[in-house]
Amino acid sequence: MVIIGIDPGSRFTGYGVVESLKGQVRYRGSGCISTGRGPMAERLRIIYAGVSQLITQFHPQQMAIEETFLSKNVQSTVKLSEARAAAMVAGANAELMVFEYTPQQIKQSVVGYGWADKQQVQYMVRRILNLNGSPQADAADGLACAICHAYTQSVTSAMGDNVADRYSVHGRLRIS
């Protein structure tokens, strides 16, 4: 299964693409979508178009995205939420199942500590994926999100729970 992980941001949206097979993850690609400092509507268009292009390029079956964390600065939280929404809509339009994880869940899954710093995340992503160098911080966060989802899917699958089975054909979660 190919998974795209998204670390949303209004100026830089990090992404990482991994392939997961039998509990093993393999690097497929990563980087950042840079939006600049223009009007927010234009930045959201760039995020949406960038994520849509990545979906076309890598053909992921699922998307994992970091949830918004609450900041003391309300405007920052709102902009982050908007960037996140633009990426999620790109995934939803491509009929991907979109899974959400808190920053603590992602760090716990990849580093083993939910309050790890960016350097620790970069280091562990590099080690897990056997990369020659450390990816840029936002790209590492996108990869960490994808790795977290791959690990979560592996564990739930081993327990006999296929989360994807709870989605309808159109990618909406069915509540049972």
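Reader: Which residue of S4 is the bridge partner of Ile3?
Author: In this predicted model, the partner of Ile3 is Gln62. The model counts local features at pLDDT of at least 70 and side-chain atom pairs only at pLDDT 80 or more, whereas totals for chains, interfaces and linings use all residues. Residues are numbered from 1 along each chain as its sequence is written, and side-chain values use heavy atoms, with hydrogens and water left out.

Reader: What makes S1 and S4 a pair, and in which sense do they pair?
Author: Four bridges join S1 and S4 in the parallel sense; DSSP has to find at least two bridges for a pair, so the two strands qualify. Strands here are DSSP runs of E with at least two residues and helices are runs of H or I with at least four, numbered from the N terminus.

Reader: Which strands stand at the edges, and why is one side of each left without a neighbour?
Author: The open sheet has five strands in the order S3-S2-S1-S4-S5, with mixed pairing. Strand S3 (24-34) and strand S5 (97-101) stand at the edges with a single partner strand each, so one side of each has no neighbour in the sheet. For S3, strand S2 (residues 12-21) is joined through ten bridges and runs antiparallel to S3, with Glu19 opposite Arg26.

Reader: How do you know whether S4 is enclosed or open?
Author: Five of the five residues of S4 are buried, so this strand is largely enclosed by the rest of the structure. Buried means under 20% relative accessible area, exposed over 50% and partly exposed in between, with a 1.4 Å probe and protein chains only. Both faces of S4 are covered, with Gln62, Ala64 and Glu66 on one side and Met63 and Ile65 on the other.

Reader: What covers the buried residues of H2?
Author: The cover includes S1, helix H1 (40-58), S4 and S5, where contact means heavy atoms within 4.5 Å. The buried residues of H2 are Thr77, Leu80, Ala83, Arg84, Ala86, Ala87, Ala90 and Gly91.

Reader: How does the span of H2 compare with the span expected?
Author: H2 has 20 residues and reaches 28 Å from its first C-alpha to its last, close to the expected 28 Å, a span defined as 1.5 Å times one less than the number of residues. At the start of H2, a side-chain oxygen of Asn73 comes within 2.9 Å of the backbone nitrogen of Gln75, and the helix is followed by Glu95, whose phi is positive, near 60°.

Methods
A polar contact is a pair of N or O atoms within 3.5 Å; within protein, one must be able to donate a hydrogen and the other to accept it, and residues adjacent in sequence count only if both atoms are side-chain atoms.
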